[in-house]
Amino acid sequence: NLGNMYRTGCGCERNYQKAIEWYRKAMTQGHAGAFCNLGYMYQHGQGVACDLLIANDLYQKGANVGSPVAQYNLAISYLQGNGCAKDEKMAFDLFSSAAKQGYASAQYCLAVAYMRGWGCETNNAKAVEWLLNAASKEHIEAQLSLGEAYLRGLGCKKNEKVAFSWLSSAAMKGNVKARYLIGVMYCTGMGCDKNVITAFSYFQGASMQGDIDASVALGEMYSKGLGCEKDEKKAFSIFSSAAEKKHAGAMYFLGMMYAKGMGCGKDECKAFELVHKSAEQDCVDAQVTLGVMYYYGTGCETNYERAVKWFSNAADRGDATAQCNLARMYDAGIGCEKDVRKALGLYEKSASQGCANAQFEMGIKFDQGDGCEKNEIRAFEYFGKAAAQGHQIAIYNLGLCYEYGRGVERDLK
């Protein structure tokens, strides 16, 4: 304790030499913490020349007498190759030993090791188990990671309410990513009652802490007037700043503002340039929009083959709109070889995700027997799904089904 007081200047003037002196005295009695603390001083050059070899030797001695902090520090050295050969298996074993003694930072790192396969086989369920241990000890990063795990159902059953609880705990402690994610959850009503005003507040707080994702979300709120007064110029300014830092989402939103003349003069060529850059960074919304721009020649020359390419990229990542658009290209043989069966498969994938246009097209397919066996009952079902979302032609076709008794009992009412 006296060594700690001299090292930190607690109750006395800071004096590294005195701290070293008292740590060495404690080491002669086998005090685990003394090995660890003196190792820290050698690692960071406090009162001695920085020497990672000596630091690791001291951590090893502390680890040998059971210090969880020494085990953790030595594990970090092995994980990063600081003053020793990189050895993920050794790091894993040391994290395990320290974690079993209840050291929260080691428990968190052991969880990350299980998630990333550091010195072990990937095991997300084990990761969640150790995250829960660390999070219960108020470890902020563990609370964040545990919230993300429950949000995605990674190593545990997806549970948005539990995710919200853990992320809230991390956010209250000032974790910027947790604040951003809580903002997203309030904005969408995931795991909580939807509240765009509260979402705006969280995004604003995270943005002030320098989180660029939160800044972009804040720009989107301003552009739509969600949780705040609509301010297109402010949104444009926020997107511009984030786009300069090559943020894919910001470039996409800024492109959309140029395309529509929101907060700026309309400029379709500039819009195309920004959307293209965003799409190249794997922004799915940008890839879908870029496909549409190539299809209609918005800010560029019409190019159906490139439209197919970008719709394909987004469709492969599960985007329902892209799947429907790509299906239409295959259905008509535009920019690609006509393939009605492939179109049908894409329509079906899109329709299963709730895309009204795809549900309508599936209705047409079954109604006409195009690429599939004619089935008026299934046509009626798909028209009904699309009609329920307000698809006008589907509503009309549903009316025809009732009028002529196609796939349903005739009902003129």
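1. The lining of the second largest pocket divides by class into 6 nonpolar, 1 polar and 5 charged residues, where Ala, Val, Leu, Ile, Met, Phe, Trp, Tyr, Cys and Pro count as nonpolar, Asp, Glu, Lys and Arg as charged, and the others, Gly among them, as polar. Its volume is about 180 Å³, a volume being the space filled by probe spheres set on grid points that are joined across faces, edges and corners. A pocket is here an open set of points on a 1 Å grid over the protein atoms alone, where a 1.4 Å probe fits, with protein on both sides within 12 Å along at least five of seven lines, and lining residues have an atom within 4 Å of a point.

2. The model is a predicted one, in which local features need pLDDT of at least 70 and side-chain atom pairs count only at pLDDT 80 or more, while totals for chains, interfaces and linings use all residues. Residues are numbered from 1 along each chain as its sequence is written, and side-chain values use heavy atoms, with hydrogens and water left out.

3. The residues lining the second largest pocket include Tyr108, Arg116, Glu141, Glu148, Arg152 and Lys177. The elements that give two or more residues to this lining are α7 (104-116) and α9 (140-152), and α9 gives the most, with 6 residues; helices are DSSP runs of H or I with at least four residues, numbered from the N terminus.

4. The largest pocket has a volume of about 270 Å³ and is lined by 15 residues, of which Tyr180, Val184, Phe203, Ala217 and Glu220 lie nearest its centre. At least two lining residues come from each of α11 (176-188), α13 (212-224) and α15 (248-260), and the largest share, 6 residues, belongs to α13. By class, this lining has 9 nonpolar, 3 polar and 3 charged residues.

5. The largest nonpolar core holds 137 residues, of which Leu38, Phe95, Met185 and Phe203 touch the most other members; such a core is a set of buried Ala, Val, Leu, Ile, Met, Phe, Trp, Tyr and Cys residues joined through side-chain atoms within 4.5 Å. The largest share of this core, 9 residues, comes from α15.

6. Tyr186 lies in helix α11 and is buried, with a relative accessible area of 18%, given that buried means under 20% with a 1.4 Å probe and protein chains only. Leaving out residues up to four places away in sequence, Tyr186 touches Phe164, Thr198 and Tyr202, among others, contact meaning heavy atoms within 4.5 Å.

Technical notes. Buried < 20%, exposed > 50% of the residue type's maximum accessible area, 1.4 Å probe, protein only.
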